[in-house]
Amino acid sequence: MTAQTIELEAQLDAIRQAAQTAIADATSLDQLEHLRVKYLGKKGPIPQVLGGMGKLDPAERPRIGAHANEVKEAIQQDLDRKKTELQTAAIQAQLETETLDVTMPGVYRSQGKIHPLNSTIDQVLDIFVGLGYTVAEGPEMETDYYNFEALNFLPDHPARDMQDTLYLPDGNLLRTHTSTVQIRYMEANDPPIRVAVPGRVYRRDTVDATHSAVFNQVEILAIDEGITFTDLKGTIKVFLQELFGDVEIRFRPSFFPFTEPSAEVDVQWKGRWLEILGCGMVDPNVLKAVGYDPEIYTGFAAGFGVERLAMVLHQIDDIRRLYSSDLRFLKQF
Ligand code: 2U9
């Protein structure tokens, strides 16, 4: 071995030594990357040493080449080992700072519930959707035409007194029933139709345990060729059976401007008859108003006060409980 070979080997060993110490002292992955470039990069010390091989006896060159490879591999191994070590330490540090105390009580969030009025509306609509009805909604502010005239309320008929409401300065009014929506629906659709309409309605009423000036209705309407009072009775019977179970019901004659004949329906409830809804065959004048030919089409309609149904279903004694937002009451549902 020549002195030059010995010299180059010593240089390679010195590089290995320096790299080893620097890698051992590294404290971050950034530093480690910096050392990789410094010791193993193209501009690093090893290619420089290998550049000096030109002066060597050709027989000695493979020895230096092999030694240089050993040094590179050793440095690479040091880098890999240190990298794993630093990564493990980083995870360990993160685990220590981000410990989760699974015994800590959670943040309490009270769960909202469906209001009994809304669940009653849902129940009613579910039954009619099951019978093939479409659900429709419409505006609460209405014209005299949609609320009264199209529904066969004559201008000075006393039936208007029963449904007095708030009139707005522009002549519009707050609807007294959701029948306005069926008129709009019929104007937009040709028969046959089956529609169920939920919504808020307004009346000039003195508030007490069973009356509210704002309340909710669901109304239904079915128009087709050949519909009779028998279809109305069958539909109402199925509806009340679905809602209340097996109850006895009775139809009593009544009057509404928009139906002829009209009836009110009572159910047996706690040993007495309880009025639950109004209904009837749609008056031919109402059909004419929307352009349906009453010689071809007939139909029936019915209206339910949702509060009334909810009060019966849940044994609520005062309608005002449904509007008071008292959680002691609402939490029962
Ligand atoms: C059209 C034609 C007819 C809907 C009907 C009733 C009878 C009825 C009351 C029940 C309790 C209102 O909420 S309440 O005060 N409703 O008695 N409603 S027939 O008749 C219609 C609807 C739309 C086009």
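Which helices are included in what covers the buried residues of α2? The legends below begin with that view, and every view is drawn from a predicted model.

**View 1. Helix α2 and its cover.**
Helix α2 comprises residues 29–40. Its twelve residues should span 16 Å at 1.5 Å a residue, and the end C-alpha atoms are 16 Å apart, which agrees. L32, L35 and Y39 are the buried residues of α2. Seen down the axis of α2, these buried residues fall within an arc of 60 degrees, so they line one face of the helix. An α-helix has 3.6 residues a turn, so residues three or four places apart point the same way. The cover over the buried residues includes α1 (3–25), α3 (45–51) and α4 (61–97). On the face of α2 turned away from the buried side are the exposed residues D30 and H34.

**View 2. Packing of α1 against α4.**
Two packed helices are described by the angle between their axes and the distance between the axes. For α1 and α4 the angle is about 5 degrees and the axes are 10 Å apart. With angles under 35 degrees counted as roughly parallel, α1 is therefore roughly parallel to α4. On the α1 side the contact is made by T5, L8, E9, L12, D13, I15, R16, A19, Q20, I23 and A24. On the α4 side it is made by R63, I64, H67, A68, V71, A74, I75, D78, L79 and K82. The residues of this contact divide into twelve nonpolar, three polar and six charged.

**View 3. E9 in helix α1.**
E9 lies in helix α1 and is one of the α1 residues that make the contact with α4. Its relative accessibility is 14%, and because buried means under 20%, E9 counts as buried. Leaving aside neighbours within four places in sequence, E9 is in contact with M1, R63, I64 and H67. Among the α4 residues of the helix contact are R63, I64 and H67.

**View 4. Helix α8 within its surroundings.**
Seven of the ten residues of α8 are buried, so this helix is largely enclosed by the rest of the structure. The buried residues are S179, T180, V181, Q182, I183, Y185 and M186. They pack against the strands β1 (134–135), β2 (141–142), β4 and β5 (214–225). They also pack against the helices α6 and α10 (284–289).

**View 5. Q163 in a loop.**
Q163 is found in the loop between α7 (159–162) and β3 (173–174). With a relative accessible area of 9%, Q163 is buried. Apart from neighbours within four places in sequence, its contacts are F148, F153, T176, H177 and R203. G51 is 112 residues from Q163 along the chain, and the C-alpha atoms of the two residues are separated by 107 Å.

N152 has a phi of about 70 degrees, a positive value although N152 is not a glycine. Its place is in the loop between α6 (144–147) and α7. N152 is buried, with a relative accessible area of 19%. Q315 also is a residue other than glycine with positive phi, here near 50 degrees. The loop that holds Q315 runs between α11 and α12 (327–330). At 55% relative accessibility Q315 counts as exposed.

**View 6. Two cis peptide bonds.**
The peptide bond from P191 to P192 is cis, with omega near 5 degrees. P192 sits in the loop between α8 (179–188) and β4 (193–202). The peptide bond from E260 to P261 is also cis, with omega near -5 degrees. P261 is found in strand β7, residues 259–269.

**View 7. Packing of α9 against α11.**
Helix α9 (residues 229–244) and helix α11 (residues 306–314) pack at an angle of about 45 degrees, and their axes are 11 Å apart. That angle makes α9 oblique to α11. From α9 the contact is made by F239, L243 and F244, and from α11 by L309, V312 and L313. The contact residues divide into six nonpolar, no polar and no charged.

Notes:
Residues are numbered from 1 along each chain as its sequence is written. This is a predicted model: local features need pLDDT of at least 70, side-chain atom pairs count only at pLDDT 80 or more; totals for chains, interfaces and linings use all residues. Side-chain values use heavy atoms; hydrogens and water are left out. Helices (H or I, at least four residues) and strands (E, at least two) are DSSP runs, numbered from the N terminus. The expected span of a helix is 1.5 Å times one less than its number of residues. Buried means under 20% relative accessible area, exposed over 50%, partly exposed in between (1.4 Å probe, protein chains only). The arc is that of the directions from the helix axis to the C-beta atoms. Contact means heavy atoms within 4.5 Å. Axes are lines fitted to C-alpha atoms, for helices over the stretch in contact, and angles run from 0 to 180 degrees between N-to-C directions. Angles under 35 degrees count as roughly parallel, over 145 as roughly antiparallel, 65 to 115 as roughly perpendicular and the rest as oblique. Ala, Val, Leu, Ile, Met, Phe, Trp, Tyr, Cys and Pro count as nonpolar, Asp, Glu, Lys and Arg as charged, and the others, Gly among them, as polar.
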